[in-house]
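Work through the exercises below with the structure in view. Each task is followed by a solution in steps.

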Amino acid sequence: SLQKWVLREISNFEYLMQLNTIAGRTYNDLSQYPVFPWILRDYISETLDLTNPAVFRDLSKPIGVANERHARDVKENFEDPTGTVDKFHYGTHYSNAAGVMHYLIRTEPFTTLHIQLQSGRFDCSDRQFHSVPAAWQARMENPVDVKELIPEFFYFPEFLENQNGFDLGCLQLSNEKVGDVVLPRWARSREDFIYQHRKALESEYVSAHLHEWIDLIFGYKQRGPAAVEALNVFY
C-alpha cells in the first residue's frame, strides 16, 4: 500500500486508514481509536486557499509544539526527571478514549459513554468540544492539549450537529449556549466543512508532507533518540 500511495493510486485518507489498521487501531476500541492529523491552521479566513502553504500546520512537528513558543517549555519539562518514571515531553496523549468521546459527544453511543466517564453528567461546557476554531486555538495556547483529530473530521458531518438537542450548558465567558459545533469562517455548512477539510487532506501540500507526521505517529520518531529530538516523547 506504501507503493500505491507513493504512486497516488490511493488517497491520503485511505493510506492513513490502512496505517491505523496495521498499527492495531480500530473503531472497536476507544483507547486505540484511529488517529488523524490536524492539517490546517487557518480557521478564521473567509475562504480557504489550499495553494497557500501558510494555511497548513507544520506536519513535521508534534501537535504539542505546533506553536513554536511551546518548544522551550516542552524541552525543559523533559529535563526534569524524578527518577521514578521514564522522562517524557507530554503527560497526556494525542489519542485516548476521553479524547474520542470529547469530539463525538453529540453522537451516541459516545454521549452516554462521556456522561458515564463524567460520573453521570456532561463535563463543564468550557471543556467541551464546542468550536473547531476554538479547538485549534487551544492547541496554540495550551501545550497540555495535544489531541490530534479522528477520521470523522474528514467524512462525517453529523457529529458536528447537536441533532438530539442535548443540554450541553453555556460557555462561561460569553454565556453562549453550546449546541452545534461552531465552524471555521470559510465553511458554509457542516457538509462544506467536511468537503473542504477532506480536500485539504488530499491537497498537494499535505501529500508532500504527510510522511513527516506519519514518522511521528507510526514511524521511527515514536521513541528513542529520534523521538527525544523531535519533542515527541509521551508518558
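**Exercise 1: Elements and confidence**

Read from the N terminus, the elements of the chain follow the order α-α-α-α-α-α-α-α-α.

Task: State how many helices and strands the chain has, and find which elements have the lowest and the highest mean pLDDT.

Solution. 
1. The chain has nine helices and zero strands.
2. The model is predicted, and the mean pLDDT of the chain is 92, with 97% of its residues at 70 or more.
3. Among the elements, helix α3 (residues 70-78) has the lowest mean pLDDT, 83. Helix α7 (residues 190-201) has the highest, 98.

**Exercise 2: Overall form**

Task: Decide whether the radius of gyration of the chain agrees or disagrees with that of a compact globule, and describe the extent, burial and surface of the chain.

Solution. 
1. For 235 residues, a compact globule would have a radius of gyration near 18 Å. The chain has 18 Å, so the two agree.
2. The C-alpha trace spans about 50 × 50 × 35 Å along its principal axes.
3. Buried residues account for 47% of the 235 residues.
4. Of the contacts between residues at least 6 apart in sequence, 67% join residues at least 24 apart.

**Exercise 3: One side of helix α5**

Task: Identify the buried residues of helix α5 and explain why they are on the same side of α5.

Solution. 
1. Helix α5 covers residues 110-117, and its buried residues are F110, T111 and H114.
2. These residues cover an arc of only 105° around the axis, and therefore they lie on the same side of α5.
3. The cover over the buried residues of α5 includes α4 (97-103).
4. Just after α5, S119 takes a positive phi of about 55°.

**Exercise 4: Cysteines without a disulfide**

Task: Find how many disulfides the structure holds, then check C124 and C170.

Solution. 
1. The structure holds zero disulfides.
2. For C124, the nearest cysteine sulfur is that of C170, 12 Å away, and C124 is in no disulfide. A disulfide would need the two sulfur atoms within 2.5 Å.
3. C170 is likewise in no disulfide; its nearest cysteine sulfur, that of C124, is 12 Å away.
4. C124 has 37% relative accessibility, so C124 counts as partly exposed.
5. C170 has 35% relative accessibility and therefore also counts as partly exposed.

Terms used:
Residues numbered from 1 in each chain as written. Predicted model: local features only at pLDDT ≥ 70, side-chain atom pairs only at ≥ 80, totals over all residues. Heavy atoms only, no water. Buried < 20%, exposed > 50% of the residue type's maximum accessible area, 1.4 Å probe, protein only. Helix = DSSP H or I, 4+ residues; strand = E, 2+ residues; numbered from the N terminus. Arc of directions from axis to C-beta. Contact = heavy atoms within 4.5 Å. pLDDT = per-residue confidence, 0-100. Rg over C-alpha atoms; globule rule 2.2 N^0.38 Å.
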